[in-house]
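The structure is shown below, and the account follows it.

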Amino acid sequence: VNAHPLTDLFDHAPAVRAEIARREAEGVRWNDTRRTVELLHPGHLELTVTAVVRETATARTFRLARTDGLSLPPFLAGQHISLETKIGATATSRPFTISSSPADLGHYDVTVRRVAGGRVSNHLIDHVKAGDSMRSSGPLGTFHHNPVFHGDDLVFLAGGTGVAPAMSMIREIVGRGLPRRLHLVYGSRRADDIVFAGELAALARHPGIRVDHVISEPDAGFSGHTGLLNAQTVLELTGPLRGRMVYVCGPRALHRLALAGLTGAGHPRRRIRCEADGLLEHPEREPGWPAGLAPQEPVQVSVGGGEGRPSPCGRTLLEELEEQGAAPRAGCRSGVCGMCRVRVVKGTVFQPAGTRPRLSDERFGYVNSCTAYPVTDVEVAA
Ligand SMILES: Cc1cc2nc3c(=O)[nH]c(=O)nc-3n(C[C@H](O)[C@H](O)[C@H](O)COP(=O)(O)OP(=O)(O)OC[C@H]3O[C@@H](n4cnc5c(N)ncnc54)[C@H](O)[C@@H]3O)c2cc1C
Ligand code: FES
């Protein structure tokens, strides 16, 4: 690669040059934009599972490589992919954060924990094995470090597999020797639920990394920090936050607790970033849900004037369209990315606060189908 000598002034210039050379060897031609975009940002990724690693009794890491042997698209630590799967006759997807480092584009790791009654998490853990083929989106999402706005002194509050983005960030900091500090405060129910326990202990020896575990249901004799990840516990461990960027990823309850507690303690809201929340367990408990309407109540959902099918009104439009084989592609499944937009031509949908589509979508009748609940009979444009 012929590089201007000035590029030597940039951090990691040799690594960037190596990456450019590798991509060129894989067919990228920088003066051919279409080819470059197709290779670096493909609409879909065809993947092969190269290994499945048991992390805890309920969590597995799936190592995924591109089936064509090329390098995977670059991503920012904290981003996720939308993993597509077919369960019975239904094609569906779920977002999973990439837990491996962006420095290694030979594979993406995703770390999946069982959810009681969950369709995809249990399907992956029980049935997917090394050698299987999978499909996914490219890397998605805005829950990642931004060196310009976030600075180099970071706090990460994680619960359960919410540690995955932190793991990717920490692996990158240590692997690339970045001049960045990250203090992970990681809540788990029991000590044996901690994902990546051994590797985190080793990474915490790096001068920029500190890891504290907080266990909510400790065994007798446990001597570490216990309780819930509330603001008091967090501040005791981190000390004053003073403008540090705080990332939060885990169960919805952790997001609420962290937001209320930390802003209540004076930390500005703009210095707290929460990952997308995913599917609501009880949409009928959200403000604005039609009074007296039970989530099992059936409504008719049809596409393009077709006959339609009865669907419980507590099921999202996206899930129902997946059952009908008429679903749009989906990314975050949390009402954030807008990939799953559909146009509602008849009927009313309930959209929980915070998942409102853009103003132009509202004006033209589009909704994010992953967070839209059909509370009357609904027809969606084909
Ligand atoms: C941006 C993003 C990144 C994510 N990254 C990861 C990851 O790295 N690893 C990982 O294991 N999961 C991750 N998730 C969650 C994942 O996408 C699925 O939602 C989760 O695996 C459950 O899917 P399921 O099909 O098994 O459950 P579903 O069949 O979709 O849901 C079954 C029931 O469980 C509830 N539920 C759904 N998700 C959860 C949950 N996470 N915890 C508790 N209850 C739930 C639902 O409300 C429903 O009542 C992420 C979610 C988002 C939005
Ligand atoms: S999939 Fe992201 S908004 Fe629906």
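## Basis of the description

Helices (H or I, at least four residues) and strands (E, at least two) are DSSP runs, numbered from the N terminus. The model is predicted: local features need pLDDT of at least 70, side-chain atom pairs count only at pLDDT 80 or more, and totals for chains, interfaces and linings use all residues. Residues are numbered from 1 along each chain as its sequence is written, chains are lettered from A and ligands numbered from 1 in the order in which they are written, and side-chain values use heavy atoms, without hydrogens and water.

## Backbone features in two loops

Phe196 lies in the loop between β8 (181-188) and α6 (197-203). Its phi is near 65°, a positive value in a residue other than glycine. Phe196 is buried, with a relative accessible area of 5% (buried means under 20%, with a 1.4 Å probe and protein chains only).

Arg333 is found in the loop between α9 (317-323) and β15 (341-346). The phi of Arg333, also positive, is near 50°, and this residue is buried at 10% relative accessibility.

## Surroundings of ligand 1

The shell around ligand 1 holds 23 residues, with Arg94, Pro95, Thr111, Val120 and Ser121 the closest (a residue is near if one of its heavy atoms lies within 4 Å). β4 (90-97), β5 (108-113) and α3 (119-127) each supply at least two shell residues, and the largest share, 4 residues, comes from β4.

Technical notes:
Buried < 20%, exposed > 50% of the residue type's maximum accessible area, 1.4 Å probe, protein only.
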